[in-house]
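Trainee: I've got a model open and I'd like to learn how to read it. Could you walk me through it feature by feature?

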Amino acid sequence: MFTAALVMLMAACGDGAKEKKGSLGDKKVQLEKLKKEAAAANAEIKKLEEEITKLDTNAALLSKSKLVAVAPVSVQDFSHYIDLQGTVEAEDISYIAPANGMGGVVTALYIKEGQYIKKGQIILKMDDKVLRTQLQQLQVQLDFAKNIYNRQKNLWEQNIGSEVQLISAKNNVDGIEKQIATLNEQIKLYTVTSSVNGIADIVDVKVGEMFVGAGARGPQIQIVNNSTLKVKVRVPENYMSRVRVGSSVIISLPDAGKLFNSSISLSSQLIDPGSRTFAVEASIPGGGVRPNTIAIVRIKDYSAPDAIVIPVNLVQTDENGKYVYAVERDSKNRNVVKKIPVQVGESYNSMIEIKAGLQAGMQLVTAGYQSVYDKQVVQIDGETTAFN
């Protein structure tokens, strides 16, 4: 029995192995069949592509054409500026000096640096002791002269004495009074007052020091009126014919965070032999701005309304001159590159004026222009509305 069962089991296993083997063989046959079908399909696809390429040359060119971006040429106002650096200065600066012309030792100081000063305000007083002593002596002489005159007048009214004596006494009184008046005016000169409204920018003198107005260190007292200010800048001489009184100016004060539109109010006719520059000035409003502040000055020296302006990097140069690349449609309705010679004008802030060669509406190549050539077929990958 056991032997019979073992024979039957081995027979069953043998049949299963044959069944698996048969299934694997079928799969291999099926795989080979599919591979042959795929190879035939690929060959047919390749054949059709070659035939299409021969029949459609435009498609072949497009498949190999370069991608570029374009932007339309437009008309706009164009201005050129000269960018320079200047400084803010006060229009009204007073350097206080002693009115007596000699100065003197300061006995009283009534202001301090940074203080607002009004016109006519007393700034300081100088030592006038000698003059006041003389004034006292003259006052004594005047009292004596008046006494003599009054006595002489009483005698004259009593018909005593002569008219000459009366006149002499009167002249003596008048003479001393004139001396006193003159001396009082001189004493006033020892009191220094301000002739303007403004800020005491410099107060470089103390009580007990000699006040002479200005010394080796500069002015001892300086008063600045900030209500009207100006910006002063030096311009290279090669711009002399293009910068004149009335030229528009944009003034920026970075530290103060202010921006002003102004115009040239003064243009020097003298060229500095060292720097080869000339000075120009433009007024700005006062208030909130301090003298000696750094100013960025943009002087408009050229403008062209309705000009064609493009980015300067689009302009290329060869042995024949300057040119740009544009895109246009050819007779087969393809996008092709066209090399256009141009005549350029002024350039400013990465933009350049085109004097001749371009017209509004042309499509300029703005990306990929470094590696294209004339009459090359291209595809437009992107388009911008206008140049900034």
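Trainee: Let's start with the inside. Which residues line the largest cavity?

Mentor: Keep in mind that this is a predicted model. The general idea first: rolling a probe the size of a water molecule over the atoms shows where empty space is left. Here, the largest cavity is lined by V231, V233, V249, I251, I264, V280, E281, A282, V297 and I299. Its volume is about 30 Å³, and the structure holds 1 cavity of 30 Å³ or more.

Trainee: Which strands supply at least two residues each of that lining?

Mentor: β11, β12 (248-253), β14 (277-285) and β15 each do. The largest share comes from β14, with 3 residues.

Trainee: And how does the lining of the largest cavity divide by class?

Mentor: There are 9 nonpolar residues, no polar ones and 1 charged.

Trainee: What about open space? How much lies in the largest pocket?

Mentor: About 210 Å³. You can find the largest pocket by selecting its lining: V88, E89, A90, I93, I199, D201, Q222, V224, N226, R290, P291 and N292. By class, that lining has 6 nonpolar, 3 polar and 3 charged residues.

Trainee: Which element gives the largest share of the pocket lining?

Mentor: That's β2, with 4 residues. At least two lining residues each come from β2 (75-95), β7 (198-203) and β11 (221-236).

Trainee: Let's zoom out. How many helices and strands does the protein chain have?

Mentor: It has 4 helices and 22 strands. Of its 388 residues, 32% are buried. Then look at the contacts between residues with a separation of 6 or more: 72% of them join residues 24 or more positions apart.

Trainee: I'd like to look at a helix. How far does α4 reach from its first C-alpha to its last?

Mentor: Helix α4, residues 163-188, reaches 38 Å with its 26 residues. That is close to the 38 Å expected at 1.5 Å a residue. Now colour its buried residues: L166, A169, V173, I176, I180, L183 and I187.

Trainee: What covers the buried residues of α4?

Mentor: The cover includes α3 (129-157) and β6 (191-193).

Trainee: Next, rings. How do I read an aromatic pair?

Mentor: A pair of aromatic rings is described by the distance of the centres and the angle of the planes. The whole structure has 3 aromatic pairs. In one of them, the ring centres of Y323 and Y325 are 5.4 Å apart and the planes sit at 70 degrees, so the pair is edge-to-face.

Trainee: Are Y323 and Y325 buried or exposed?

Mentor: Y323 is buried, at 10% relative accessible area. Y325 is buried too, at 8%.

Trainee: Which residues does D374 contact, leaving aside its neighbours within four places in sequence?

Mentor: Y325 turns up again there, along with V337, K338 and K339. D374 lies in the loop between β21 (363-367) and β22 (378-383), and it is partly exposed at 34% relative accessibility. D374 and V327 are 47 residues apart in sequence, yet their C-alpha atoms are 9.7 Å apart.

Trainee: Last one: backbone angles. What should I expect of phi?

Mentor: Most residues other than glycine have a negative phi. Here D306, which is not a glycine, has a positive phi of about 50 degrees. N333 also has a positive value, near 65 degrees.

Trainee: Where do D306 and N333 sit?

Mentor: D306 lies in strand β15, residues 294-311, and is exposed at 62% relative accessibility. N333 is in the loop between β17 (321-329) and β18 (335-341). At 51% relative accessibility, N333 counts as exposed, since the cut-off for exposed is over 50%.

Key: Residues numbered from 1 in each chain as written. Predicted model: local features only at pLDDT ≥ 70, side-chain atom pairs only at ≥ 80, totals over all residues. Heavy atoms only, no water. Expected span 1.5 Å × (residues − 1). Buried < 20%, exposed > 50% of the residue type's maximum accessible area, 1.4 Å probe, protein only. Contact = heavy atoms within 4.5 Å. 1 Å grid on protein atoms, 1.4 Å probe; cavity = no way out; pocket = protein on both sides within 12 Å on 5 of 7 lines; lining within 4 Å. Points joined across faces, edges and corners; volume = space filled by probe spheres on them. Nonpolar A, V, L, I, M, F, W, Y, C, P; charged D, E, K, R; others polar. Phe/Tyr/Trp six-rings, centres within 6.5 Å; stacked < 30°, edge-to-face > 60°.
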